[in-house]
Amino acid sequence: LARFPFIPREQKFFDFFEVSAQNMVKAAHELRELVYNWENVKQKIDTIAELEHQGDAITHQIIAQLHRTFITPFDREDMCLLARKLDDVTDCIDAAAGAMQIYKVAHPNQKAKDLAKIILQATAEIEKAMPHLRNHSSLKELLPLCVEINRLENAADAVFNIALSELFDDTSDIPYVIKWHEIYNHMERATDKCEDVADVLEGIALKHA
Amino acid sequence: LARFPFIPREQKFFDFFEVSAQNMVKAAHELRELVYNWENVKQKIDTIAELEHQGDAITHQIIAQLHRTFITPFDREDMCLLARKLDDVTDCIDAAAGAMQIYKVAHPNQKAKDLAKIILQATAEIEKAMPHLRNHSSLKELLPLCVEINRLENAADAVFNIALSELFDDTSDIPYVIKWHEIYNHMERATDKCEDVADVLEGIALKHA
Amino acid sequence: LARFPFIPREQKFFDFFEVSAQNMVKAAHELRELVYNWENVKQKIDTIAELEHQGDAITHQIIAQLHRTFITPFDREDMCLLARKLDDVTDCIDAAAGAMQIYKVAHPNQKAKDLAKIILQATAEIEKAMPHLRNHSSLKELLPLCVEINRLENAADAVFNIALSELFDDTSDIPYVIKWHEIYNHMERATDKCEDVADVLEGIALKHA
């Protein structure tokens, strides 16, 4: 160990990233639960808000650790970006759930369910990707996961466009239209941010694999 | 050539950037066509969506090449940023056209035409700028083009503000207001992203000229 | 001095950052004045727009100087980010004021006043932080200021959420709802950008203190 004094620190980074990804998946899972079973709404939204705070704390720890560490397992910029983009996903999930509470919306419709399902799928792929960062020999395993995350983002885009189109087909209740427009936007941005995570992972794989 | 093994790769980057810029100009041209001649709407919007996909593919190729290349003609970060910002312009153009389709809008008004014209002008300046990256001696030629792109962004801002002001002067058709608010936003953001491209180009010129 | 030829340039950077922060505070102060004393509206909004232009010019000077300087007091990326994020705060303040003019809104309500007050507080903390960049021995003084800026951002979030909730409680005047939704968004983003500034400052403190 004395010969590789940086190894413990490296492991710490990978631990942090896995915790951050798990936290994000928990938020995505809770959002899916929320829109599929519109019960105990306040409790579920509070849980997501709490996960968002935990995500902030983890991100903060990663960044502080990066600033204090001289030799990092990958480029400092990539690790910083990875931490922030993971956190952005959780933020968007929280923003979607928060908007449902602020706007006192009623039962989400099928498109909201479809988007929540895709968000959970995309975050689950990211969670699967994280352990592959630990060994240079498994970095190439990241690439097919990144392809799948991109596919899911395209799928979310398609659902989002139909959702908006449907939303504006009936404009008799304009506040409803405005509220769901914003909620859908937050959900779609969550999958955009998953794609950003995939871009960072792909970059790391291409540089080091 | 054997003494400068990186030259062919350098040329490849410049080729990529020029292709990406040309692709962006094609999208801007098609958007201008769309709002000036509101015919074959679906076909024109589909063309822009196709150009957006091609832009994604080119950007992806540039980033992958950057990760695989040890010595790059300019700072890796600047080249990465240039690739992404060029792509952002195309994305905003596609978002504007896509929103017109999703929201089933009718004839665009004069302000939409004015914005589309400015977007085409700003992207054309960027296209003109790209070949100057090939030679350090012509990098200084980038600076007046960047000034012009900034001027066009200010012009777009002014049109955008008047467009919003006019839009809210008559709120009898609120769905119309909401839809065009979003479309104008996408168009204005396209010129913002052109300015971001100009900032990257100016940075490269200042560092290397 | 001849032995440390980079010192004068260092001082120039710190001067620039302080001028940019002061400019941002002036804009925040004018916004607070505007929403608390809804008189001479056009003049106050024009002043903010003018401060936004000056902010652009300062940012431009910092970036140009960074590109021309070989040895910078801190990491070039951090300094570039600091310059841009300071400018983003001013931009959001200007966007909020500009939207009030474009949308011809009447008297701002209490929530707009509360947000403007928090923006002024957060920018004032940033202004206090700037001189600590000049000496490595005082960099640790940045950390409690960053904590306070984060606290203010959370406070702004809470006000923003209540403001949106109240806004949608009465949807009899939908154009009013849409306009203030956007203005509140710009104001909330101003505090987000203050937090981004704090993140950069914290990073510099952790690396160098």
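This is a predicted model: local features need pLDDT of at least 70, side-chain atom pairs count only at pLDDT 80 or more; totals for chains, interfaces and linings use all residues.
1. Relation of chains B and C. Chain B is superposed on chain C by a rotation of 120 degrees, with 0.0 Å of shift along the axis and an RMSD of 0.0 Å. The two copies are thus related as by a three-fold rotation axis. The residue of chain B that comes closest to this axis is B:I174, whose C-alpha lies at 4.6 Å.

2. Relation of chains B and A. Here too a rotation of 120 degrees, with 0.0 Å of shift along its axis, superposes chain B on chain A, and the RMSD is 0.0 Å. The copies use different surfaces, since 15% of the contact residues of chain B recur in chain A. For chains B and C, only 14% of the interface residues of chain B are also interface residues in chain C, so those copies likewise meet through different surfaces.

3. Extent of the B–C interface. The contact draws 14 residues from chain B and 13 residues from chain C. Between them the two chains bury about 1,300 Å², of which 66% is on carbon and sulfur atoms. On the chain B side, B:F168, B:L206 and B:K207 supply 36% of the area buried against chain C, more than any other three residues.

4. Chain B and chain C share 2 salt bridges. C:K104 forms a salt bridge with B:D169, and the closest N and O atoms are 3.2 Å apart.

5. Two elements of chain B, α5 (142-167) and α6 (174-208), each give two or more residues to the side that touches chain C. The largest share of that side, 8 residues, comes from α6(B).

6. Extent of the B–A interface. In this pair, 13 residues of chain B are in contact with 14 residues of chain A. The buried area is about 1,300 Å² between chain B and chain A, with 65% of it on carbon and sulfur atoms. B:H67, B:I102 and B:I178 supply 40% of what chain B buries against chain A, more than any other three residues.

7. Polar features of the B–A interface. The count between chain B and chain A is again given as 2 salt bridges. B:K104 forms a salt bridge with A:D169, where the closest N and O atoms are 3.2 Å apart. There are 5 residue pairs in polar contact across the interface of chain B and chain A, both residues of each pair being at pLDDT 80 or more.

8. Elements of chain B that face chain A. The side of chain B that touches chain A takes two or more residues from each of α2 (41-68), α3 (76-102) and α6 of chain B. Its largest share, 5 residues, comes from α6(B).

9. Nonpolar core. In soluble globular proteins, nonpolar side chains tend to be buried together. The largest nonpolar core in this model has 222 residues. Those with the most contacts inside it are A:L31, A:L133, B:L31, B:L133, C:L31 and C:L133. Leaving aside residues up to four places away in sequence, C:L133 touches C:F14, C:F74, C:L82, C:L139, C:L142, C:L201 and C:I204.

How values were computed: Residues are numbered from 1 along each chain as its sequence is written. Chains are lettered from A and ligands numbered from 1 in the order in which they are written. Side-chain values use heavy atoms; hydrogens and water are left out. Copies are superposed by least squares on the C-alpha atoms of residues with pLDDT of at least 70 in both. Contact means heavy atoms within 4.5 Å. A nonpolar core is a set of buried Ala, Val, Leu, Ile, Met, Phe, Trp, Tyr and Cys residues joined through side-chain atoms within 4.5 Å. Buried means under 20% relative accessible area, exposed over 50%, partly exposed in between (1.4 Å probe, protein chains only). Buried area is the accessible area (1.4 Å probe) that two parts lose on being put together, summed over both. A salt bridge is a side-chain nitrogen of Lys or Arg within 4 Å of a carboxyl oxygen of Asp or Glu. Helices (H or I, at least four residues) and strands (E, at least two) are DSSP runs, numbered from the N terminus. A polar contact is a pair of N or O atoms within 3.5 Å; within protein, one must be able to donate a hydrogen and the other to accept it, and residues adjacent in sequence count only if both atoms are side-chain atoms.
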